[in-house]
Amino acid sequence: MVPLFFFAAGYTFKKDSLGHYIYSKLVRLVIPFIAVNSTIIVIDHLIGKMYNWGFGTNSLMEQFKKVLTGDIPNGLCTPSWFLLCLFIVYVLFWLENKLLRDKLVPQMIVGLGVAIIALWKFEVSTSVNWGGCKILLNSALGLFCFGLGYATKVLKLAEIIKAKETLFGYVFIGEEMRTYFIFNM
């Protein structure tokens, strides 16, 4: 489901000035990431100190450093990695979009290239492991999905698919149900 979230974010991407764009993404993604994780770390640290387990065995500053650098330990903070990845993807895509002047093919080539290099570098593992979440790998893969979402919007692919009853004879669009089914596997 995570690629779908990146795809949807790309579909809703709007161009803006860099300063305003980064400020809005900091307020909407990074500040909640820091606030929620800080609260969780402090509570877990206090409980861990009382029972000598989990975060309570490490220093509080070491825990903050781990979370803010993307080495999110398994536990309560794990699901929040997506906010940090989404912020990175938004900024990278804004820069890519600006540099390539809204040319979709070069953007998709760059996004796919970054994803392939990241997969090669991180040995094709996108999962959250015991050492933490691979923020860079997930951001690289997210950049490609984000680009696909943006290309879908720009090329108006959703409207094309919605307007046709069939697509390649295999995908049927139901106006009433607004869903599609794939036949002839």
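**Close-up views of helix packing in a predicted model**

**View 1. Helices α2 and α4 side by side.** Helix α2 (residues 18–51) and helix α4 cross at roughly 170 degrees, and their axes come within 8 Å. An angle over 145 degrees counts as roughly antiparallel, and α2 and α4 are therefore roughly antiparallel to each other. On the α2 side, look for L18, Y21, I22, K25, L26, L29, V30 and F33; on the α4 side, the partners are W81, L83, L84, L86, F87, Y90, V91 and W94. The residues of this contact are 15 nonpolar, one charged and no polar. Please keep in mind, here and in the views below, that this is a predicted model.

**View 2. Helix α4 meets helix α6.** Here helix α4 (residues 81–99) packs against helix α6 (residues 135–154), with the axes 8 Å apart and an angle of about 55 degrees. The two helices, α4 and α6, are therefore oblique to each other. Their crossing is right-handed. From α4 come W81, L84, C85, I88, V89, Y90, L92, F93, E96 and N97, and these meet I135, N138, S139, G142, L143, F146, G147 and Y150 of α6. Sorted by type, the residues of the contact of α4 with α6 are twelve nonpolar, five polar and one charged.

**View 3. Helix α6 from end to end.** How far apart should the ends of α6 be? At 1.5 Å a residue, its 20 residues should span 28 Å. Helix α6 is mostly covered, with 14 of its 20 residues buried. Following α6 you will find K156, whose phi is positive, near 55 degrees.

**View 4. A closer look at L92.** L92 sits in helix α4, and L92 is one of the α4 residues that meet α6. Is L92 buried, partly exposed or exposed? Its relative accessible area is 38%, so L92 is partly exposed. Now find G111: L92 and G111 are 19 residues apart in sequence, and their C-alpha atoms are 9.8 Å apart in space.

**View 5. The chain as a whole.** Stepping back, the chain has seven helices and three strands. Starting at the N terminus, the elements run α-α-α-α-α-α-α-β-β-β. Of the 185 residues in the chain, 35% are buried. Among contacts between residues at least 6 apart in sequence, 62% join residues at least 24 apart.

Technical notes. Residues numbered from 1 in each chain as written. Predicted model: local features only at pLDDT ≥ 70, side-chain atom pairs only at ≥ 80, totals over all residues. Heavy atoms only, no water. Axes fitted to C-alpha atoms, helices over the stretch in contact; angles between N-to-C directions. Helix = DSSP H or I, 4+ residues; strand = E, 2+ residues; numbered from the N terminus. Parallel < 35°, antiparallel > 145°, perpendicular 65-115°, else oblique. Left-handed = near helix turned anticlockwise from the far one by under 90°. Contact = heavy atoms within 4.5 Å. Nonpolar A, V, L, I, M, F, W, Y, C, P; charged D, E, K, R; others polar. Expected span 1.5 Å × (residues − 1). Buried < 20%, exposed > 50% of the residue type's maximum accessible area, 1.4 Å probe, protein only.
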